[in-house]
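Subject: Structure handover

Hello,

Please find the structure below. My notes on it follow.

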Amino acid sequence: MTTRSCPCGLPQAYDQCCGRYHLGAAAPTAEALMRSRYSAFVKRDEGYLLRTWHPRTRPARVEFDPGMRWTGLEILGTGDGSAFHTTGSVTFRASFRGGSLHERSRFERVAGAWVYVDGEFLDQ
Ligand SMILES: [Zn+2]
């Protein structure tokens, strides 16, 4: 994975996009957090995924399927989740070799920082 563009699909280089959040900058919106979590799955950054997971729903660890090859993220819609909100949702399709995941994820702020709460699958 080189730095042509960020794994999340935005045209910026990874270092100027999700990489900043992986290094500790706060994601300003639920969508930015969602994108950075997708990129963390691509890069298998378990520490980032766990610290951006709501303490109420956070698993003990994240299992990465070694055969999984993520191929793209498409944001289909957002609800709230801006700098002025404390909750938000992001509907997206995450593609991988052999299929895709269509999900609506819910996010909340904990101590000011956006975290992932849970998600529902919308179809196959
Ligand atoms: Zn990105």
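This is a predicted model: local features need pLDDT of at least 70, side-chain atom pairs count only at pLDDT 80 or more; totals for chains, interfaces and linings use all residues.

Residues are numbered from 1 along each chain as its sequence is written, and side-chain values use heavy atoms, with hydrogens and water left out.

Salt bridges

A salt bridge here is a side-chain nitrogen of Lys or Arg within 4 Å of a carboxyl oxygen of Asp or Glu. The structure holds 6 of them. In one, Glu 46 pairs with Arg 61 at 3.7 Å, N to O. This pair links distant parts of the chain, with Glu 46 in helix α3 and Arg 61 in the loop between α3 and β1, 15 residues apart. Helices (H or I, at least four residues) and strands (E, at least two) are DSSP runs, numbered from the N terminus. Arg 61 also forms a salt bridge with Glu 63, where the closest N and O atoms are 3.8 Å apart. Glu 63 is exposed at 60% relative accessible area, Arg 61 is partly exposed at 49%, and Glu 46 is partly exposed at 24%.

Another salt bridge joins the side chains of Asp 118 and Arg 106 at 2.9 Å, N to O. Asp 118 lies in strand β4 and Arg 106 in strand β3 (residues 99-110), 12 residues apart. Through shared partners, Glu 46, Arg 61 and Glu 63 form one network of salt bridges.

Zinc site

Cys 6, Cys 8, Cys 17 and Cys 18 coordinate the zinc ion through their SG atoms at 2.3 to 2.4 Å. Donors are N, O and S atoms within 2.8 Å of the metal (3.2 Å for Na, K and Ca); water is not among the atoms, so sites may look incomplete. The site is tetrahedral, with angles of 104 to 119° among its 4 donor atoms; four donors count as tetrahedral if all angles lie between 85 and 135 degrees. Cys 8 and Cys 18 are both buried.

His 54

His 54 sits in the loop between α3 (46-51) and β1 (70-80). It counts as buried because its relative accessible area is 10%. Beyond its neighbours within four places in sequence, His 54 contacts Glu 108, Val 110, Val 115, Tyr 116 and Val 117, contact meaning heavy atoms within 4.5 Å.

Regards

Note on methods. Buried means under 20% relative accessible area, exposed over 50%, partly exposed in between (1.4 Å probe, protein chains only). Four donors count as tetrahedral if all angles lie between 85 and 135 degrees; four count as square planar and six as octahedral if opposite donors are over 155 degrees apart and all others between 65 and 115; anything else is irregular.
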